[in-house]
Structures are given as C-alpha cells and as structure tokens.
Amino acid sequence: MTKEIQSVINKAEKLGLAAYMLEASDIDVENRSRLKCAYGCRGYEKRLSCPPHILSVDEFRKMLTEYSTAILLIEEHDTSGEKDIFNAWSRLRKGSFHKMLDIEYFAFRNGFTFTQLLRPGACNECDICGETCNKPELRRFPPEAVGINLSKLMEKKGLQIEYCNFDRVKCIGILLLD
Ligand code: SF4
C-alpha cells in the first residue's frame, strides 16, 4: 500500500469509520441489482442520486476498469434505542455521507484527482429532489444503484451486512481512488 492510500485510510479512521483497501477488480458489478431498485424500492424515480436518473450499470462497469484501487468505508451505528428505524436511517446515512465526502475531498487534495465517492443510501440532502439537482456538488450515487454487489464485497473482507439487524446499522460507501 502506498503512503498516499494509507493517509486516506488514516483520515477515515480519524473520523470514526472502518476502512478497507480494495483492488478495483474485487468489486463485482451485476445487472440484477437494478431489479431491487426498480421493483421494491419506494424511492425509485424520486431521487436524482438513483436510477433511472444516473449512469447505467454498463457505463459504470466500463468506468470501473479505469480505476485500480478503492476503499470500502463503513460506519456502524448503534440503533438499539431508536423508535423509528427509517427516521434513524435517514439521519445516520446523512451524517456518514458527510464524513465520507470529507474523505473524498481529502483524497482529491492528496493527489487522487479521479477519486469518486459512492455514498451510503440514496441522497437526502433535500426533502425532495427538483427537476434538476438543487445541490449538484453534493450529488453522489450509492454502490447498489450502479450494480455493485455489496454483500459479496463485504464477504471478501470477512464482513457481513446483516440487513435484518435493526439494532446495528451500517452505513457503507466506496471511495474509488486514482
Ligand atoms: S442534492 Fe437534493 S436534489 Fe440533488 S440528488 Fe440530493 S436530494 Fe436530490
């Protein structure tokens, strides 16, 4: 690992996130992930960070081949005391996103010109999205929205998502580096 990548990992850890270095080739991109967006997600078509408003799985797959390295970012929250898990998820993913964005900015300033954050969950910087994005400088898409199989990626690092554990919620992002 280069000292520049290590410094990005250190920055993440300083912000309280777990960070795991990845080869970009570790990231599996699958067409079927889009099924979960289009059939079952109540935010489908509503958020400009998500399908069908973002680049296609195929476009992302091609772009990913131009990256060599990435960092898996995880912030785990204790949600055992939360009465409304959906409200909590909204609040927590926003906070985690801003920490991850700080890490993206840090990576950019440290020479990773093409660094790009894939954020935890759909963007919720505004109550509702406009016809066009109100804050394009903050607009990032989630890994699943471009077909990344996060469960498989986590397993490669010996981790689990635990979708049905409402006492511990993980906000997961990916920072592409180059
Ligand atoms: S910044 Fe606002 S308008 Fe843009 S994608 Fe996020 S929530 Fe939607």
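By class, how many nonpolar, polar and charged residues does the shell around the ligand have? The shell has 6 nonpolar, 4 polar and 4 charged residues. Here Ala, Val, Leu, Ile, Met, Phe, Trp, Tyr, Cys and Pro count as nonpolar, Asp, Glu, Lys and Arg as charged, and the others, Gly among them, as polar. Among the 14 residues around the ligand, those that come nearest are Leu48, Cys123, Cys126, Cys129 and Cys133; a residue is near a molecule if its C-beta atom, placed from the backbone, lies within 6 Å of it.

The model is a predicted one, in which local features need pLDDT of at least 70, side-chain atom pairs count only at pLDDT 80 or more, and totals for chains, interfaces and linings use all residues. Residues are numbered from 1 along each chain as its sequence is written.

A sheet comes next. In the order S1-S2-S4-S3, 4 strands form an open sheet with antiparallel pairing. Strands (E, at least two residues) and helices (H or I, at least four) are DSSP runs, numbered from the N terminus, and two strands pair if DSSP finds at least two bridges between them. At the edges lie S1 (18–23) and S3 (116–118), each pairing on one side only. Neighbouring strands are turned by 25° against each other on average, direction ignored. S2 (residues 69–78) and S4 (residues 168–177) run antiparallel and are joined by 10 bridges; Leu73 has Gly173 of S4 as its bridge partner. H4 packs on this sheet, where it touches S2, S3 and S4, and its direction makes about 25° with that of S4.

H4 (residues 85–109) also meets H1 (residues 3–14): their axes come within 10 Å and cross at roughly 155°. Axes are lines fitted to C-alpha atoms, for helices over the stretch in contact, and angles run from 0 to 180 degrees between N-to-C directions. The two helices, H1 and H4, are therefore roughly antiparallel to each other, a term for angles over 145 degrees. Val8, Lys11 and Ala12 of H1 make the contact with Ile103, Phe106 and Ala107 of H4, where contact requires C-beta atoms, placed from the backbone, within 7 Å. By class, this contact has 5 nonpolar, no polar and 1 charged residues.

The loop between H2 (33–38) and H3 (57–64) holds Pro52, which a cis peptide bond joins to Pro51, with omega about 5°. Glu45 is also placed in the loop between H2 and H3, and its phi is near 75°, a positive value in a residue other than glycine.

Methods:
Angles under 35 degrees count as roughly parallel, over 145 as roughly antiparallel, 65 to 115 as roughly perpendicular and the rest as oblique. Two residues are in contact if their C-beta atoms, placed from the backbone, lie within 7 Å.
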